[in-house]
Amino acid sequence: MTTIVNILVGFVALQHVGFLYLEMFLWNSPTGQKIFGITPEFAKESAALAANQGLYNGFLAAGLAWSLIHANVELSFQLKLFFLSCVAVAGLYGWMTVSKTILFVQAIPALVILLLVIYFGK
């Protein structure tokens, strides 16, 4: 079961690499504007903020990846707890302030996987 949980943690990490790419590199593109439901004018005005947000998503992805490759089982477990908690809190905040979709795309998966990590332990 540990392998399945680690695959799910890896999925969340990959999601955040995707968010990084969308926010840092596609924000001003028609694709990015369609995904985020924004106008070209808003995209241009908020591009620096979106890139900063994308960078933070990259840090979350890096932390989750670190949790998967660290040799120390106890530290690996703690890193998973910390970074999944960060993702869940960010998702809940995004749900309350930006879009209900964030609850289902980011917060709920992170919370479910966090519970699986806690339940199945190290």
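## Surface patch, pocket and core

Tyr21 counts as partly exposed because its relative accessibility is 47%, where buried means under 20% relative accessible area, exposed over 50%, and partly exposed in between (1.4 Å probe, protein chains only). The model is predicted, with local features needing pLDDT of at least 70 and side-chain atom pairs pLDDT 80 or more, while totals for chains, interfaces and linings use all residues. Residues are numbered from 1 along each chain as its sequence is written, and side-chain values use heavy atoms, without hydrogens and water.

Tyr21 has its place in helix H1, and together with Met24, Phe25, Leu55, Tyr56 and Phe59 makes a nonpolar surface patch of about 650 Å². Helix H1 (2-25) and helix H3 (40-69) are the elements that give two or more residues to this patch.

The largest pocket holds about 770 Å³ of space, and of its 26 lining residues the closest to its centre are Glu23, Phe36, Gln53, Val98 and Ile102. H3 provides the largest share of the lining, eight residues. A pocket is an open set of points on a 1 Å grid where a 1.4 Å probe fits, with protein on both sides within 12 Å along at least five of seven lines, and lining residues have an atom within 4 Å of a point.

| Class of lining residue | Number |
|---|---|
| nonpolar | 16 residues |
| polar | nine residues |

Leu64, in helix H3, is buried, with a relative accessible area of 0%.

Technical notes: Patches are made of residues with over 30% relative accessible area and no salt bridge: like charges are joined within 9 Å, nonpolar side chains (Val, Leu, Ile, Met, Phe, Trp, Tyr) within 5 Å. Accessible areas come from the Shrake-Rupley method with a 1.4 Å probe; for residues, only the protein chains shown count as cover. A salt bridge is a side-chain nitrogen of Lys or Arg within 4 Å of a carboxyl oxygen of Asp or Glu. Helices (H or I, at least four residues) and strands (E, at least two) are DSSP runs, numbered from the N terminus. Grid points are joined across faces, edges and corners, and a volume is the space filled by probe spheres set on the points. Ala, Val, Leu, Ile, Met, Phe, Trp, Tyr, Cys and Pro count as nonpolar, Asp, Glu, Lys and Arg as charged, and the others, Gly among them, as polar.
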